[in-house]
Amino acid sequence: MRVVMTGAAGGVGTMIRPLVRRLASELVLSDLMEIDDLVENEVSMAADLTDLSAMERLLKGADGLIHLGGQSIEADWDTVLQANIIGLHNTYEAARRQHCNRIIFATTNHVVGYYRRQQTIDHRVTPRPDSRYGASKAFGEAFGRLYADKHGLRILNVRIGNVGEKPLDIRRLAIWISPRDLTQLIQIGLTHPDLHYEIVYGASRNVRAWWDNSNAYRLGYKPEDEAEAYAEIAHQASSENPDDPITAQFQGGTFCADEFDGDVSRID
Ligand SMILES: NC(=O)c1ccc[n+]([C@@H]2O[C@H](COP(=O)([O-])OP(=O)(O)OC[C@H]3O[C@@H](n4cnc5c(N)ncnc54)[C@H](O)[C@@H]3O)[C@@H](O)[C@H]2O)c1
């Protein structure tokens with residue numbers, strides 16, 4: 001299986017590379033710049049998501065795509081537009097033209113950031129983006145739905161909480177995912193025989209989760225890691241750096257408080 005990973009030089013790509021390369025006969029690492037510390041079955045191919053021809057060259061002969069590339073936090077509109085709207089269109093259109101028919105899309109909890117922390121939400125809720133970034137990922141999920149239904153691409157959207165070796169604060173006790181659990185979801189996206197279009201949450205087996213991740217479990221996901229093992233250090237970190245009153249109410253955290261105006265009670 002020839003698998004392409006965009007955004008491979010970023011934080012998540014770097015963490016999961018050693019695990020993901022075991023899932024492929026060839027893992028093509030792509031980012032804006034070439035990657036030079038290649039090992040085993042990795043190859044590098046730089047491509048800018050905003051360049052449709054470059055994305056077509058990248059995806060030629062690919063069986064699967066792990067789409068991590070793009071703007072990964074809040075930014076000005078033009079930055080988000082180029083990377084996550086135009087870039088996502090080019091990526092999916094190139095995949096269609098090159099018959100790369102499996103995509104795992106790194107979407108985000110910030111698609112649903114304005115749900116309150118007392119609510120448990122599943123993969124069917126209406127998006128409530130907390131940022132231009134979150135809204136751009138909601139676009140990505142919707143564009144994937146179009147390409148799945150109209151063109152038959154098989155798409156797994158993973159609404160990632162926070163990837164890391166451990167959860168760093170109280171919020172992340174609810175939303176954390178370990179690199180190996182994320183890799184398991186990617187494997188499901190690359191191999192599940194009945195995949196058409198699905199949304200799952202990228203979270204480990206977290207007892208404080210705000211998400212009903214039964215759709216991932218239905219697809220065979222069995223997370224191995226549990227945020228609660230790190231509860232003490234996470235509590236310690238949050239007590240040293242407490243959330244502001246808006247951040248503390250919503251699942252999206254600080255993204256919800258940034259640029260907020262008016263009365264927070266308008267959000268049910
Ligand atoms: N880190 C997390 O915990 C987390 C949480 C939720 C979602 N995500 C999503 O997962 C993905 C990876 O996150 P990350 O933390 O590694 O982000 P990152 O910013 O570290 O990496 C993103 C990579 O995309 C590349 N990129 C940006 N614009 C590009 C373009 N026009 N063409 C080609 N490459 C481009 C960057 O060079 C960078 O290496 C992102 O899509 C992000 O939205 C991450």
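A: The account below takes the pocket, then the cavities, then the helix pairs.

This is a predicted model, in which local features need pLDDT of at least 70 and side-chain atom pairs count only at pLDDT 80 or more, while totals for chains, interfaces and linings use all residues. Residues are numbered from 1 along each chain as its sequence is written, and side-chain values use heavy atoms, with hydrogens and water left out.

Rolling a probe the size of a water molecule over the atoms shows where empty space is left. On a 1 Å grid over the protein atoms alone, a pocket is an open set of points with protein on both sides within 12 Å along at least five of seven lines, a cavity is a set where a 1.4 Å probe fits but cannot get out, and a lining residue has an atom within 4 Å of a point. Grid points are joined across faces, edges and corners, and a volume is the space filled by probe spheres set on the points.

The largest pocket has a volume of about 1200 Å³. It is lined by 49 residues, of which Ser72, Ile73, Tyr133, Asn162 and Phe255 are the closest to its centre. Two or more lining residues come from each of several elements, among them helix 1 (11–20), helix 3 (77–97), strand 5 (102–108) and helix 4 (132–151). Helices (H or I, at least four residues) and strands (E, at least two) are DSSP runs, numbered from the N terminus. The pocket lining divides into 17 nonpolar, 24 polar and eight charged residues; here Ala, Val, Leu, Ile, Met, Phe, Trp, Tyr, Cys and Pro count as nonpolar, Asp, Glu, Lys and Arg as charged, and the others, Gly among them, as polar.

There are two cavities of 30 Å³ or more. The largest cavity has a volume of about 40 Å³, and residues lining it include Ile66, Leu68, Phe105, Leu182 and Ile186. Strand 5, strand 6 (154–160) and helix 6 each give two or more residues to this lining, with strand 5 giving the most, three residues. The lining of the largest cavity comprises nine nonpolar residues, no polar and no charged.

The second largest cavity holds about 30 Å³ of space. Its lining is formed by His67, Gly69, Ala83, Asn84, Leu88, Phe105, Ser136 and Lys137. By class, the lining of the second largest cavity has three nonpolar, four polar and one charged.

Next come the helix pairs. Axes are lines fitted to C-alpha atoms, for helices over the stretch in contact, and angles run from 0 to 180 degrees between N-to-C directions. Angles under 35 degrees count as roughly parallel, over 145 as roughly antiparallel, 65 to 115 as roughly perpendicular and the rest as oblique.

The axes of helix 3 and helix 4 come within 10 Å and cross at roughly 15 degrees, and the two helices are therefore roughly parallel to each other. Their crossing is right-handed, a crossing being right-handed if the near helix is turned clockwise from the far one by less than a right angle, and left-handed if anticlockwise. The contact (heavy atoms within 4.5 Å) includes Asn84 and Leu88 of helix 3 and Ser136 and Lys137 of helix 4. These four residues are also among those that line the second largest cavity. The contact of helix 3 with helix 4 divides into nine nonpolar, six polar and four charged residues.

Helix 3 also packs against helix 2 (residues 52–59), at an angle of about 45 degrees and with the axes 8 Å apart; helix 2 and helix 3 are therefore oblique to each other. Leu52, Met55, Glu56 and Leu59 in helix 2 meet residues of helix 3 including Asn90, Ala94 and Arg97.

Helix 1 and helix 6 (residues 179–191) pack at about 65 degrees, with their axes 9 Å apart, which makes helix 1 roughly perpendicular to helix 6. Among the residues that meet are Val12 and Met15 in helix 1 and Leu182 and Ile186 in helix 6. This contact divides into eight nonpolar residues, one polar and one charged. Leu182 and Ile186 also belong to the lining of the largest cavity.
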